[in-house]
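Here is my note for your file. Keep the structure open as you read, and check each point against it.

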Amino acid sequence: MHEMTIVANVLEIAHRQAAAAHAVRINRVVLDVGRLAGVEVEALRFCFGAARSGLSAQAELVIREVPARGLCPGCGATAEVSEPAAVCEACGRVMAISGGRELSVASLNVD
Ligand SMILES: [Zn+2]
């Protein structure tokens, strides 16, 4: 499963940073997930719950969904979009997308 690979990477980063900070426990992992990142948030949560261990055994996963913005090259309209091939509502052209593809650990809370 795609999401399990992502969670394994996220936990590896979290464990490495926690170890570097001499933490005894990871309380919370905050993840930025773009709307267009192609990731199922519910699957991420499920995998995270299943993959926690050691320092992260009790860790909470907080997911911040990052919106994607579309800019129309024709009329300059902007809109929040939820698909990569969004079309301008005003003039029908395909919008240029910025943001919404990120997938990164935003912050950690450790003891
Ligand atoms: Zn337009």
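1. Start with Cys88. Cys88 is buried, with a relative accessible area of 5%. Cys72 is buried too, at 3%. Here, buried means under 20% relative accessible area, exposed over 50%, and partly exposed in between, with a 1.4 Å probe and protein chains only.

2. A word on the source. This is a predicted model, where local features need pLDDT of at least 70 and side-chain atom pairs count only at pLDDT 80 or more, while totals for chains, interfaces and linings use all residues. Residues are numbered from 1 along each chain as its sequence is written, and side-chain values use heavy atoms, leaving out hydrogens and water.

3. Which residues hold the zinc ion? Cys72, Cys75, Cys88 and Cys91 coordinate the zinc ion through their SG atoms, at 2.3 Å. Donors are N, O and S atoms within 2.8 Å of the metal (3.2 Å for Na, K and Ca); water is not among the atoms, so sites may look incomplete. The site is tetrahedral, with angles of 96 to 121 degrees among its 4 donor atoms. Four donors count as tetrahedral if all angles lie between 85 and 135 degrees.

4. Now the spacing. The donor residues follow C-x2-C-x12-C-x2-C in sequence. Cys72 sits in the loop between strand E3 (68-71) and strand E4 (78-81), and Cys88 in the loop between E4 and strand E5 (96-98), so the pair ties together parts that are 16 residues apart in sequence. Helices (H or I, at least four residues) and strands (E, at least two) are DSSP runs, numbered from the N terminus.

5. Turn to helix H1. Its buried residues are Glu3, Ile6, Val7, Val10, Leu11, Ala14 and Ala18. Seen down the axis of H1, they fall within an arc of 130 degrees, so they line one face of the helix. The arc is that of the directions from the helix axis to the C-beta atoms. An α-helix has 3.6 residues a turn, so residues three or four places apart point the same way. On the other side of H1, Arg16 and Ala20 are exposed.

6. What follows H1? His22 does, and its phi is positive, near 55 degrees.

7. Last, the whole chain. The chain has 2 helices and 6 strands, in the order α-β-α-β-β-β-β-β. Its radius of gyration is 17 Å, well over the 13 Å that the globule rule gives for 111 residues, so the chain is more spread out than a compact globule. The radius is taken over C-alpha atoms, and the rule is 2.2 Å times the number of residues to the power 0.38.

Notes. Four donors count as tetrahedral if all angles lie between 85 and 135 degrees; four count as square planar and six as octahedral if opposite donors are over 155 degrees apart and all others between 65 and 115; anything else is irregular.
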